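Here is a short briefing to read alongside the structure. Take a moment to bring it up, and then we can go through a few topics together.

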Amino acid sequence: MRNLRRIDEWMVMMAIVCMMFLTGCGKSNEGKSASGESKDTKEVTTKQTEEQTESESADVDEDLPEGLDSMTSGLAEAPFTISPKGAKANIQDFAQAFCSQYDRFEPNEKILKYFSAPKTYDEVVEMYRVESDITNGYIRSMLLTEVVRETQMCYWNRKNGHSLVGVFMVNGSESGKSENVFMFYDYDPKTNIMTPDMDVYKVVEKVALDKAFDDYLLELPQEGKNIVVDLYTDNADDGYDVTEKTLKWTGDTFTLVGGGARQ
């Protein structure tokens, strides 16, 4: 009986030990996944993955092309100073000052690169043609592909001795859509400051941003003094009808002198 009792007691003790062992194993595995990964480790790994994803997303966003609206925001109405290289400011002085303010726009960047070394500027390598016509007060930087991406600048001499500087920028894309921005500045030779001329801007805006049309382009004058406004209407036949209007220079501002459809 004693032997049986010892056997019984031993079996009970073994059962208790087994239960304690199993309980201990359960506690030591608590918080682990089926793969053996701890809960804390899993949380850290998840957090690192999320941070990496956010970082990659940020990098992608930074690589996206910047629009003209964001580039010119806050600057379009800001005056800035010119540093003429000669006795009188010319188109290169105006372009140098303006493009330095908006050098994130590629055509402007190419103008500055051209100015730094005009004799060695290679338009094939740069993929931009820069035409600087000092005599006629005109400059243009144009992407040499089917995509329209360019900057045009010119200036007019005003009756009061000041100059009106005009700028037109187009940021095109392969999809055919584009952003267009134009600006006008009054230049005072006594202070060497270019100040946004909102009165002239509104005159051009009234014609160029006519809601009856789908899009527009400005042709600043390399020869002559008038601005040509091409207004586009989608004709639903995979093309556009073009209406041409002319803004005539008055010696201080512009006035609309008419226009008509152009094939």
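**Strand pairing and a charged patch**

In strand β4, Thr151 has Ser141 standing opposite. Please keep in mind that this is a predicted model.

**β3 and β4**
- Strand β3 covers residues 138–143, and five bridges join this strand to β4 in an antiparallel arrangement.
- The link between β3 and β4 is a hairpin that passes through five residues.

**β4 and β5**
- Strand β5 spans residues 163–172 and runs antiparallel to β4, with nine bridges joining the two.
- Within this pairing, Gly166 of β5 is the residue opposite Cys154.
- β4 and β5 also make a hairpin, with five residues between them.
- In that turn you will find Gly161, whose phi is positive at about 95 degrees.

**Burial of β4**
- Strand β4 itself runs over residues 149–157 and is mostly covered, since seven of its nine residues are buried.

**The acidic patch**
- On the surface, a patch of negative charge brings together Asp214, Asp215, Asp234, Asp237, Asp238 and Asp241.
- One of these residues, Asp241, sits in strand β10, which is made up of residues 240–249.
- Is Asp241 partly exposed or buried? Its relative accessible area is 42%, so Asp241 counts as partly exposed.

Methods. Residues numbered from 1 in each chain as written. Predicted model: local features only at pLDDT ≥ 70, side-chain atom pairs only at ≥ 80, totals over all residues. Heavy atoms only, no water. Patch = residues over 30% accessible without salt bridge, like charges linked within 9 Å, V, L, I, M, F, W, Y side chains within 5 Å. Areas by Shrake-Rupley, 256 points an atom, 1.4 Å probe, with all protein chains shown as cover. Salt bridge = Lys/Arg side-chain N within 4 Å of Asp/Glu carboxyl O. Lys, Arg positive; Asp, Glu negative; His and termini not counted. Charge placed at Lys NZ, Arg CZ, Asp CG, Glu CD. Helix = DSSP H or I, 4+ residues; strand = E, 2+ residues; numbered from the N terminus. Buried < 20%, exposed > 50% of the residue type's maximum accessible area, 1.4 Å probe, protein only. Pairing = 2+ DSSP bridges.
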